[in-house]
Amino acid sequence: MTTQRSYTGIAKLLHWTMAAVILVAMAIGAYAALFMSYGIDAAHDAAKGEMITLHKEIATVSIFLIVLRIIWRATHRPPELVGMSQFMQKAAHGGHHLLYLLMVLVPISGWAFSSAAGYPIPVAGLFTLPPLLDKSPDLQPIFAEIHEILTYGLLVVIAGHVFFALKHYFIDKDKSLQSMLPGKIKD
Ligand code: HEM
């Protein structure tokens, strides 16, 4: 029996599209939250509103991508983690599960935040999602806090994920990173 060495083309496409969507959404969201404040003047308020709308247009796409990704992952076996200790295999699986969990919870918390604020939830300029809950000035700051904490949690897990991908490539010199890159693995 031969061991499958690479992820499927669809898994690779979903992986890199999601990586791009999440990182761009994260950068725009962080920029709007950290560098733009309401109350300076009307033009600045409008610019901040547009930045948050852009953040939502892009970030909501990740909700659809993560659903497809979970379905694909559940129905297609990933490559074996060869040459890793039992402990490292368990740690890698745990890390990947945490990544999936946060990729679900971060956009949902943003969706709940915007719903509680009574703002629309646009998707890539195509349509809007229905609110997850009624407008609630009490719940809005709670979901804002949850969205922020989960997002920074996701950033930490992504940083760990990238670190280990590079460790596999440069230190362990195995084919883990290549298994998620376009094309066939060369020996
Ligand atoms: C890939 C998914 C997402 C990522 C990575 C992400 C990331 C972020 C980040 C980093 C911030 C700044 C947090 C802070 O420091 O306060 C933020 C704020 C925000 N996010 Fe998201 N977000 C995502 C999904 C969503 C979704 C789906 C919505 C709503 C539909 C949303 C709505 C908001 C809003 C309204 C803010 C507040 C911006 C501000 O206060 O200036 N986010 N997001």
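**View 1. H1 gives the second largest pocket the largest share of its lining, nine residues.** This is a predicted model: local features need pLDDT of at least 70, side-chain atom pairs count only at pLDDT 80 or more, and totals for chains, interfaces and linings use all residues. Residues are numbered from 1 along each chain as its sequence is written, and side-chain values use heavy atoms, with hydrogens and water left out. The volume of the second largest pocket is about 960 Å³. Of its 40 lining residues, the closest to the centre are Gly29, Ile52, His55, Phe113 and His147. A pocket here is an open set of points on a 1 Å grid over the protein atoms alone, where a 1.4 Å probe fits, with protein on both sides within 12 Å along at least five of seven lines; lining residues have an atom within 4 Å of a point. Grid points are joined across faces, edges and corners, and the volume is the space filled by probe spheres set on the points.

**View 2. Several elements build the lining of the second largest pocket.** At least two residues each come from H1 (9-35), H2 (42-59), H3 (61-75), H4 (86-117), strand E1 (121-123) and H5 (139-172). Helices (H or I, at least four residues) and strands (E, at least two) are DSSP runs, numbered from the N terminus. By class, the lining has 25 nonpolar, eleven polar and four charged residues. Nonpolar means Ala, Val, Leu, Ile, Met, Phe, Trp, Tyr, Cys and Pro; charged means Asp, Glu, Lys and Arg; the others, Gly among them, are polar.

**View 3. H4 packs against H5.** Their axes come within 8 Å and cross at roughly 150°. H4 is therefore roughly antiparallel to H5. Axes are lines fitted to C-alpha atoms, for helices over the stretch in contact, and angles run from 0 to 180 degrees between N-to-C directions. Roughly antiparallel means an angle over 145 degrees. H4 and H5 make a left-handed crossing: the near helix is turned anticlockwise from the far one by less than a right angle. The contact residues of H4 with H5 divide into 20 nonpolar, nine polar and no charged.

**View 4. H1 packs with H2.** The angle is about 160°, and the axes are 9 Å apart. So H1 and H2 are roughly antiparallel to each other. The crossing of H1 and H2 is left-handed.

**View 5. H3 crosses H4 at roughly 155°.** The axes of H3 and H4 come within 10 Å. The two helices, H3 and H4, are therefore roughly antiparallel. Their crossing is left-handed.

**View 6. UniProt annotates residues 13-38, 58-76, 97-129 and 149-170 as "transmembrane region" in an unreviewed entry.** UniProt positions follow the numbering used here, feature names are shortened, and annotations may be inferred rather than shown by experiment. Residues 58-76 are 89% helix and 0% strand, with end C-alpha atoms 27 Å apart. Residues 97-129 are 64% helix and 18% strand, and their end C-alpha atoms lie 26 Å apart.

**View 7. The chain has five helices and two strands.** Along the sequence, the pattern is α-α-α-α-β-β-α. The C-alpha atoms fill a box of roughly 65 × 30 × 30 Å, taken along the principal axes.

Notes
Angles under 35 degrees count as roughly parallel, over 145 as roughly antiparallel, 65 to 115 as roughly perpendicular and the rest as oblique.
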